[in-house]
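Student: I've got a new model open and would like to learn how to read it. Could we go through it together?

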Amino acid sequence: MQLFAGAHIRRVVASQFGFGETGPVQLVTIDDIRAAAELIRPYVVRTPLVPAGWADDERPLWIKPESLQRVGAFKVRGAFNAIANLDESVRTRGVIAYSSGNHAQAVAYAAAIYGVPASIVMPEETPTIKVAATRGYGADVVLCGAGEREKVAAQLVEQTGGILVPPFDHRDIIAGQGTIGLEIAEDLPAVDTVLVPVSGGGLASGIGTAIKALCPGARVFGVEPELAADTAEGLRLGHRVDWTIEDRNRTIADGLRSQPSELTFAHLQQVLDGVITVSESEIRAAVRELAYRAHLVAEPSGAVALAAYRQGATPPGRTVMIMSGGNIEPPMLQEILAR
């Protein structure tokens, strides 16, 4: 376990602008998130806060199960906000996305609702269940080698004239994911701690922005696997770091293998109070606990927040964990539960 304390975070200017590695970066605001909430309301599930009655008495726990979304993960929020904000003349050219799975399904679903073509680039190692689900929404899936998603997506943009909908590196995506934080603040305004999975950083950036604006006394902790802990290292050093795809692919949490962009890193520097890293065995135990105690199916990426909670590294108080998704291969779930 590694806990990166907020005192070591290099803070950016406390306004709507932060400073990235190459200059000013415009940060998402609570007004952006409120606008996103209105725009995506017809298409997303307002997920409940599910009380975990078996949790620690001094740290009462609520689960925010984004697995209840139509695509089984939170990504639908950002995808709908991004596509809805496109001019119709641009949108009709089609959309391109790259993703290990959940963003792929979200963009495919949103594109189907808007009646526009979608081409999705996915790594060859993506779980079959996520590839099949993406195709099920009518998208054209292009499989690629490890670390080649961005390059292949750029080629498709050039070939088709479509518009790229990135998985996290866009203000509309961040604002869409931030609607989760807006809902938490409305349903539990006295929240003390929020635990959020971190990968590319869009989810934590959006939720952190909303929580810090509406519940300023609350702490927001990112959570990532020890085997893909580039965010923890980057925040400790004060700049983004690069972990090889081979290193990041070691974790079972396939949805947490991306790295923050300049945009999301600037947000994370401002809104995170720390980063907690969790082991592979802790992630597996959290998947089991969610299945047996909460009766919720979580993919490994969606269970890391509970793994962090179980470490006991967070302070006492009312805690919300983001269960970011539930798209897990049945054989993997069976293997994890069998242990």
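Predicted model: local features only at pLDDT ≥ 70, side-chain atom pairs only at ≥ 80, totals over all residues.

Student: Which domains is the chain divided into?

Tutor: Domain bounds come from an automatic or database domain assignment. Here you get domain 1 (30-72 + 170-338) and domain 2 (94-161). Their C-alpha centres are 23 Å apart, and the contact (heavy atoms within 4.5 Å) takes 15 residues from domain 1 and 17 residues from domain 2.

Student: Where does the largest pocket lie?

Tutor: First, the term: on a 1 Å grid over the protein atoms alone, a pocket is an open set of points where a 1.4 Å probe fits, with protein on both sides within 12 Å along at least five of seven lines; lining residues have an atom within 4 Å of a point. In this model, domain 1 and domain 2 both give residues to the lining of the largest pocket, so it lies between them. Its volume, the space filled by probe spheres set on the points, is about 700 Å³.

Student: Which residues lie nearest its centre?

Tutor: Arg149, Phe168, Ser199, Arg257 and Ser258, out of 46 lining residues. Elements giving two or more residues to that lining include α4 (102-114), α6 (149-160) and α8 (202-214); helices are DSSP runs of H or I, at least four residues, and strands are runs of E, at least two, numbered from the N terminus.

Student: How should I read helix α13 (residues 300-311)?

Tutor: Check the length: the expected span is 1.5 Å times one less than the number of residues. For the 12 residues of α13 that should be 16 Å, and the end C-alpha atoms are 16 Å apart, which agrees. Then look at burial (buried means under 20% relative accessible area, with a 1.4 Å probe and protein chains only): 11 of the 12 residues are buried, so α13 is largely enclosed by the rest of the structure. Gly312 follows α13, with a positive phi near 75°.

Student: Is Ala139 buried or exposed?

Tutor: Ala139 counts as buried, at 10% relative accessibility. Ala139 sits in the loop between α5 (128-136) and β8 (140-144). Leaving out residues up to four places away in sequence, Ala139 touches Ala108, Ala118, Ile120 and Thr134.

Key:
Residues numbered from 1 in each chain as written. Heavy atoms only, no water. Buried < 20%, exposed > 50% of the residue type's maximum accessible area, 1.4 Å probe, protein only.
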